[in-house]
Amino acid sequence: MGGGGAAGDGDGWADQEQGNGGSRGGGEAKRSEIYTYEAAWHIYGMNWSVRRDKKYRLAIASLLEQYINRVEVVQLDESSGDIAPVLSFDHPFPPTKTMFVPDPQGLRPDLLATSADILRIWRITDDDEAATAAADSSNGSVRCNGVGAPAAQQPGAKLCCELNGNRNSDFCGPLTSFDWNDADPRRIGTSSIDTTCTIWDVEREAVDTQLIAHDKEVYDIAWGGAGVFASVSADGSVRVFDLRDKEHSTIIYESSSGGAGSNSAAAAAADGGAVSPTPLVRLGWNKQDPRYMATIIMDSPKVVVLDIRYPTLPVVELHRHHAPVNAIAWAPHSSCHICTAGDDSQALIWDLSSMGTGNNSGGNGNGNASAAAAAAAAEGGLDPILAYTAGAEVEQLQWSATQPDWVAIAFANKLQILRV
């Protein structure tokens, strides 16, 4: 099931800059390539493959209120314009995230990680490997225990390992998210509702570090280098951890400092109390300029952009969504562009260069950035440069690391890939 050209649910990216686009004029949609895949179930987890020899390949996962869920690997056929499933397998519980091994050159096994009740690593087998997948699943190199065993028998995807950080209990705190370290692909960091972040050595299938990262549930985690990661939590904070000093963390931002929004602040003032923290649910770290990260506040249409050198004070807040934001993705090839998507069915691309991020940031202070942010606020805030309207609330968004002209979004049971 697929669609090609500009025949998707939207009409392409609309230029939001007045006067841009020549004869198109401001706000008019420009022709874009849009490819659509319709799954048999609601899509939640979604991510691009980064291997250069597997162009236009993505993994999507179901959100079904039942034990057995599904994961599909799909790929665009450039000649036909159709997105078709390459393989599909059962998965215990709905995956909260899917992610391919960060291996653009294809030097490592073709691995896919998923998070749900625990972290699972799957090996994607080629056609010539599929015949031996079932036989290989019984050897000592593959550990399949409990619920994962049936899925491991299926051709095309072999369960390599199940990683559970709760050694002293029959129960586990479900994983909300994870991130695979592209600077050191041996490491995967997971976030859990049990307040911990766990750093796994996936080659040894062992815990490298486990930290009580927050006071409440941890909702997302992102690497900022080989040994540095950040996390966001229901306690309303963004915290940065350095594995060289595991006893300490740096609080970069707290929603109770004003990020929770004017309504909650007004309510707190009326009650004579302090602003209570609002949960932060997603975190994006700028890979092109690690000084900057962005976070999403639960049930808020606002995106907060932070400079880790200047904690607590946002560089800029993005206010153009009309409903809660669900996903953020920094451009993999530009330090000053970010895409956001939310319940208003919009995917918006922003140019933050005027805010002091990216190539236009200069000096050793953020005075210019603060002045620019203040000026933007006085003028009603920063506007996005491009906007795309999907057919329903956008729940997932990913920007392809190896094909930076392409953004993927998921809404309802549809996956769309869009040329920027």
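Arg 57 counts as buried, because its relative accessibility is 4% and buried means under 20% relative accessible area, with exposed meaning over 50% and partly exposed lying in between (1.4 Å probe, protein chains only). The structure is a predicted model, in which local features need pLDDT of at least 70 and side-chain atom pairs count only at pLDDT 80 or more, while totals for chains, interfaces and linings use all residues. Residues are numbered from 1 along each chain as its sequence is written, and side-chain values use heavy atoms, with hydrogens and water left out.

Arg 57 belongs to strand 4, which covers residues 57-62; strands (E, at least two residues) and helices (H or I, at least four) are DSSP runs numbered from the N terminus. The side chain of Arg 57 makes a polar contact with the side chain of Asp 110 at 2.8 Å, where a polar contact is a pair of N or O atoms within 3.5 Å, and within protein one must be able to donate a hydrogen and the other to accept it, while residues adjacent in sequence count only if both atoms are side-chain atoms. If neighbours within four places in sequence are left aside, Arg 57 is in contact (heavy atoms within 4.5 Å) with residues including Trp 48, Val 74, Phe 100, Asp 110 and Ile 124.

We can now turn to the aromatic rings. Rings of Phe, Tyr and Trp (its six-membered ring) pair if their centres lie within 6.5 Å, and planes under 30 degrees apart count as stacked, over 60 as edge-to-face and the rest as tilted. By this rule the count comes to 7 aromatic pairs. In one of them, the ring centres of Tyr 67 and Phe 93 are 5.0 Å apart and the planes stand at 85°, so the pair is edge-to-face. Because Tyr 67 lies in the loop between strand 4 and strand 5 and Phe 93 in the loop between strand 6 (82-92) and strand 7 (97-100), this pair ties together parts that are 26 residues apart in sequence. Tyr 67 is partly exposed, with a relative accessible area of 34%, and Phe 93 is partly exposed, also with 34%.

The rings of Phe 89 and Trp 122 have their centres 4.4 Å apart and their planes at 40°, so this pair is tilted. Phe 89 lies in strand 6 and Trp 122 in strand 9 (residues 119-124), so the pair ties together parts that are 33 residues apart in sequence. Phe 89 is buried, with a relative accessible area of 0%, and Trp 122 counts as buried at 0% relative accessibility.
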